[in-house]
Amino acid sequence: PFRVSDKEHFARTWRLVHDRSPGRHTPRAQCSLGAFYEEGKGVRHDETEAVKWFRLAAEGGDALAQYNLEVMHMKGKGGLKQDDVEAARWFALAAAQKYPGAQFILGQMYEQGKGVVQDDTKAVEFYTLAAEQGLVSAQFNLGVMHAQGRGGLKQDDVEAARWYALAAAQK
């Protein structure tokens, strides 16, 4: 059956990781296990266990796991101390794999100088990457950067309005 309980879905994913030899889908399954533990779906809520599975998947190259691990670092969850520098490192790995959420947050980190050296040009670069993939929040922030003429951009209300309109059209 396609629709199963959270408990059964967790059990199936667990078997994918434990009962089979590692393959190309292993990091994604490990990331899924991390999400089950983080959300407490089909298994007890355990952020430390979530971090363990996110880290395994992230080290295996899974962009979503890299993103999830960096969020845990930013929030200091799952036994991790809050660490913006470590979060930025994982965001950069996920951003390099074209993960728009990571690109957006990395843009914010550069804009705010959080975990990285403040750099509006880098912020614009990452906002643009995420905005071009349709991420609403990145489109809005890119509009702001155009409106204010920041990050090496010439102040341009027309370009700002274009990005605002793209973001608004998705709401």
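A residue is called buried when its relative accessible area is under 20%, exposed when that area is over 50%, and partly exposed in between (1.4 Å probe, protein chains only). By this scale, buried residues make up 42% of the 171 residues in the protein. The structure is a predicted model in which local features need pLDDT of at least 70, side-chain atom pairs count only at pLDDT 80 or more, and totals for chains, interfaces and linings use all residues. Residues are numbered from 1 along each chain as its sequence is written, and side-chain values use heavy atoms, with hydrogens and water left out.

The protein has nine helices and zero strands. Helices (H or I, at least four residues) and strands (E, at least two) are DSSP runs, numbered from the N terminus. The order of elements from the N terminus is α-α-α-α-α-α-α-α-α. The C-alpha trace spans about 55 × 35 × 25 Å along its principal axes. A contact means heavy atoms within 4.5 Å. Among contacts between residues at least 6 apart in sequence, 43% join residues at least 24 apart.

One helix pair is described here. Two packed helices are described by the angle between their axes and the distance between the axes. Axes are lines fitted to C-alpha atoms, for helices over the stretch in contact, and angles run from 0 to 180 degrees between N-to-C directions. Helix α7 (residues 120–131) packs against helix α8 (residues 136–148) at about 140 degrees, and their axes are 8 Å apart. The two helices are therefore oblique to each other. Angles under 35 degrees count as roughly parallel, over 145 as roughly antiparallel, 65 to 115 as roughly perpendicular, and the rest as oblique. The crossing of α7 and α8 is left-handed, a term for a near helix turned anticlockwise from the far one by less than a right angle (right-handed if clockwise). On the α7 side, the contact is made by Asp120, Ala123, Val124, Tyr127, Thr128, Ala130 and Ala131. Ala138, Gln139, Asn141, Leu142 and Met145 make it on the α8 side. These contact residues divide into eight nonpolar, three polar and one charged. Here Ala, Val, Leu, Ile, Met, Phe, Trp, Tyr, Cys and Pro count as nonpolar, Asp, Glu, Lys and Arg as charged, and the others, Gly among them, as polar.

Charged side chains also pair up. A salt bridge is a side-chain nitrogen of Lys or Arg within 4 Å of a carboxyl oxygen of Asp or Glu. The count by this rule is 12 salt bridges. Glu111 and Arg150 form one of them, with the closest N and O atoms 3.2 Å apart. Glu111 lies in helix α6 (residues 100–112) and Arg150 in the loop between α8 and α9 (157–170), so this pair ties together parts 39 residues apart in sequence. Arg150 is partly exposed, at 23% relative accessibility. Salt bridges that share partners join Glu8, Arg12 and Arg15 into one network. Within this group, the side chains of Arg15 and Glu8 meet at 3.4 Å, N to O. Arg15 is partly exposed at 37%, and Glu8 is partly exposed at 29%.

One backbone angle also stands out. Most residues other than glycine have a negative phi, and most peptide bonds are trans. Lys98 is not a glycine, yet its phi is positive, at about 70 degrees. Lys98 sits in the loop between α5 and α6. Its relative accessible area is 59%, so Lys98 is exposed.
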